[in-house]
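Please open the model in a viewer and keep the selection tool at hand.

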Amino acid sequence: MQSQNFMLVEDPLSLERIRSVLIRLEDTIIFSLIERAQFAHNPRIYQRGVFQELKDLGFNGSWLEWFLKETETFHAKARRYTSPDEYPFTSDLPKPVLPPLSFPEILYPNNINASPSILSFYTRAIVPRITRRATLALSTLKRANGIVGDEEFEDDGNYGSAATIDVEVVQAISKRVHYGKFVSESKFIENPAAFIPHIQKPNRQALEDLITKPEVERKLLLRLQKKAATYAQDIGLDTEILPNGSPKLNDTAKIDVDGVVDLYESYIIPLTKEVEVEYLLHRLDGLMDDEIVKLAKGTAST
């Protein structure tokens, strides 16, 4: 998964460096979604209390939540979540086995974690859409083998494979969304005076306007559509290329390209903005009045 090496990077708040990470995360998310799209929906793995095997282990969450817990427990021991750009979906994780790294102070202290919202929209809105083709193909195959009714739909039994990919997808989306904090911090320290009045007298819309660039978002969605259209199929010498440089989609496309774009447009971008604004609203927490005045004048290093 894409990240920065915070022990070596000279300026982790450089907007150009942040954009580079976000663009590479697009590839990670698209390729992971393509892998997930080859399996059926398998809604059982997102329902809590369905697997007796997990209940016997004393776990009452969903199959995916159990996968996340087991994966993140191991990663926590390897100090993954001490990095400023990593946010777990699981609470009460064990402490790292290794001593912590001395990361530079990059972000202002905060407790913002959008992981529950990410897991919710991913399992409820994204998975059913991107797995639709595999689900329909499964039902056709089952009917051909005499399986009809409720048993013919949605479930191919690949719970482990599906959940393994789900973990990769939601962790990548989480990193993408929480990178909004880096964007907010970068823009805040560039011009604190523009933000401080709207933080002191909380004005979410004014803060959102300060960090939103519609043209950047438009280009992002166009780039995403082009990438998804390209990655969604096998490119051959006879593949027709459209005037915009994208390959012409055919019936063998590996994923719903519009679904990938909608993931960003309807979920990732709006949630990132919420994280960015929430971060800014807490950017002055614990500061004295004179410290805020110095910030506004650009004479403080906080």
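A cavity, in the sense used here, is a set of grid points where a 1.4 Å probe fits but cannot get out; its volume is the space filled by probe spheres set on those points. The model on display is predicted. With a threshold of 30 Å³ or more, it holds 1 cavity, and the largest cavity has a volume of about 30 Å³.

**The cavity lining.** Select Glu72, Arg80, Tyr81, Glu86, Tyr87, Pro88, Gln171 and Ser174, which line the largest cavity. By residue class, this lining comprises 3 nonpolar, 2 polar and 3 charged residues.

**A serine in helix α1.** Next, select helix α1, residues 15–36, and within it Ser32. Is Ser32 buried or exposed? Ser32 has a relative accessibility of 9% and therefore counts as buried, the cut-off for buried being under 20%. Leaving aside residues up to four places away in sequence, show the contacts of Ser32: they are Ile165, Glu168 and Val169.

**The pairing of α6 and α11.** Now select helix α6 (residues 159–178) together with helix α11 (residues 257–281). Their axes come within 8 Å and cross at roughly 50°, which means that α6 is oblique to α11. To display the contact itself, select Ile173, Arg176, Val177 and His178 on the α6 side. Their counterparts in α11 are Leu263, Tyr264, Ile268, Leu271, Thr272 and Val275. Colouring this contact by residue class gives 7 nonpolar, 2 polar and 1 charged.

Terms used
Residues are numbered from 1 along each chain as its sequence is written. This is a predicted model: local features need pLDDT of at least 70, side-chain atom pairs count only at pLDDT 80 or more; totals for chains, interfaces and linings use all residues. Side-chain values use heavy atoms; hydrogens and water are left out. On a 1 Å grid over the protein atoms alone, a cavity is a set of points where a 1.4 Å probe fits but cannot get out, and a pocket is an open set with protein on both sides within 12 Å along at least five of seven lines; lining residues have an atom within 4 Å of a point. Ala, Val, Leu, Ile, Met, Phe, Trp, Tyr, Cys and Pro count as nonpolar, Asp, Glu, Lys and Arg as charged, and the others, Gly among them, as polar. Helices (H or I, at least four residues) and strands (E, at least two) are DSSP runs, numbered from the N terminus. Buried means under 20% relative accessible area, exposed over 50%, partly exposed in between (1.4 Å probe, protein chains only). Contact means heavy atoms within 4.5 Å. Axes are lines fitted to C-alpha atoms, for helices over the stretch in contact, and angles run from 0 to 180 degrees between N-to-C directions. Angles under 35 degrees count as roughly parallel, over 145 as roughly antiparallel, 65 to 115 as roughly perpendicular and the rest as oblique.
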